[in-house]
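I opened the notebook today to look at a ligand site and its surroundings. Here is what I looked up, in the order I went through it.

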Amino acid sequence: MAFSEYKTALVTGASSGMGWGIAERLRAKGLTVHAVGRNAEKLEELKDLCGVIPHAVDISDTAAITELVDGLDIDVLVNCAGVSRPGSILQSDAFDIDEQIDVNLRAGLHLCRLILPGMMERDSGHIVNITSMAGLYEFGGHIAYHATKAAMHTVSRQLRVDAFGRRVRVTEISPGRVETDIFARVENISSEEAKAKYFEGMEMPQVSDIADAVEYAVDTPNYVNIGMIELLPTLQVPGGLRTGKRVGDEVILTGKK
Ligand SMILES: NC(=O)c1ccc[n+]([C@@H]2O[C@H](COP(=O)([O-])OP(=O)(O)OC[C@H]3O[C@@H](n4cnc5c(N)ncnc54)[C@H](OP(=O)(O)O)[C@@H]3O)[C@@H](O)[C@H]2O)c1
């Protein structure tokens, strides 16, 4: 129902994976879609496929995104772009931390700062933040990844407070593993290698499952706010409990996991 109220969307991370699928779905629902990513060639491909308006922009460049949204009335903002790094803080360099904060958190906040006022004025709009189970559970991913995703979880909640009184809806979609190219980028390996390592023989959610979740949240009547959708593979379960026992220099882990 709410799709009939909305005309325009902006999707970050539209050159790949979930953002691509979400942009394509929003186009299929009749919206004008501004598709944002750095890879101009992929965005042109998406344009040819479904008619998005491509914007090859680095979203960590605040001046560039400010210019991008200037004069646009965006009804649906999807903060989907994300980067992730392997290792713990012990293996991090400065760029690992800065890039994740810039892309996963800072850009999302700036886009909300730039786009929410128009939604408030029009008394209509929807912000969808694609976070991660890493924002809610600790499993030894990169610390900055966990931190930025936890921050966007909080941002999603706080935005509802900031927009109180207007018909502006906010949905966080918190996925577990989804079959995209992100693991190839994280490990700097080929798509084929990443596929073999992370997806082959497993029952993993697809980009279309995430697009379904976005469609569901946006399509509810505007008096309904779907606050959060946690979408995990059935065969991926966070939790368990391990406790370490120190024996000499060794730590022996005991417990379920
Ligand atoms: N796949 C999973 O298992 C999984 C699980 C949980 C959460 N997530 C989250 O889901 C979201 C989508 O991930 P995905 O799996 O679809 O990953 P993906 O295929 O690697 O796509 C990441 C997107 O982010 C864009 N991006 C990265 N840095 C950018 C920058 N500086 N400026 C503009 N765009 C930038 C990339 O575009 P360019 O390269 O063209 O810049 C690309 O379109 C991310 O926020 C990710 O953290 C993924």
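**Around the ligand**

I began with the shell around the ligand and asked which element gives the largest share; it is α6, with three residues. I kept in mind throughout that this is a predicted model.

Next I looked up which residues come nearest. Of the 31 residues around the ligand, these are Ser 15, Ser 16, Arg 38, Tyr 145 and Thr 180. Sorting the shell by class gave me 14 nonpolar, 11 polar and six charged residues.

Then I went through polar atoms facing oxygen atoms of the ligand. Gly 13 places a backbone N or O atom 3.0 Å from one. For Cys 80, a polar backbone atom is 2.8 Å from an oxygen atom of the ligand. With Thr 180 the side chain takes part: one of its polar atoms lies 2.5 Å from a ligand oxygen. I also checked how much of the ligand is covered: the protein buries 97% of the 890 Å² that the ligand exposes when taken alone. The elements giving two or more residues to the shell are α1 (17-28), α5 (143-162) and α6 (182-187).

**Thr 180**

I stayed with Thr 180, which sits in the loop between β6 and α6. Is it buried or exposed? I count Thr 180 as buried because its relative accessible area is 15%, under the 20% cut-off. Its side chain also reaches the backbone nitrogen of Ile 182, at 3.2 Å. Beyond its neighbours within four places in sequence, Thr 180 is in contact with Gly 17, Met 18, Phe 199 and Val 207.

**Helix α5**

I turned to α5 and checked its span. The helix has 20 residues and reaches 28 Å from its first C-alpha to its last, close to the 28 Å expected at 1.5 Å a residue. Its buried residues include Tyr 145, Thr 148, Met 152, Val 155, Ser 156 and Leu 159. I recalled that an α-helix has 3.6 residues a turn, so residues three or four places apart point the same way. The buried residues of α5 pack against β4 (76-79), α4 (94-122), β5 (125-130), β6 (168-175) and β7 (228-231).

**Asp 75**

My last stop was Asp 75, in the loop between α3 (62-69) and β4. I wondered why Asp 75 counts as buried; the reason is its relative accessibility of 8%. Which side chain does the side chain of Asp 75 make a polar contact with? I found Arg 122, at 3.5 Å. Leaving aside neighbours within four places in sequence, the contacts of Asp 75 include Tyr 6, Lys 7, Met 119 and His 126.

Notes:
Residues numbered from 1 in each chain as written. Predicted model: local features only at pLDDT ≥ 70, side-chain atom pairs only at ≥ 80, totals over all residues. Heavy atoms only, no water. Near = heavy atom within 4 Å. Polar contact = N/O pair within 3.5 Å; in protein donor to acceptor, adjacent residues only side chain to side chain. Areas by Shrake-Rupley, 256 points an atom, 1.4 Å probe, with all protein chains shown as cover. Helix = DSSP H or I, 4+ residues; strand = E, 2+ residues; numbered from the N terminus. Nonpolar A, V, L, I, M, F, W, Y, C, P; charged D, E, K, R; others polar. Expected span 1.5 Å × (residues − 1). Buried < 20%, exposed > 50% of the residue type's maximum accessible area, 1.4 Å probe, protein only. Contact = heavy atoms within 4.5 Å.
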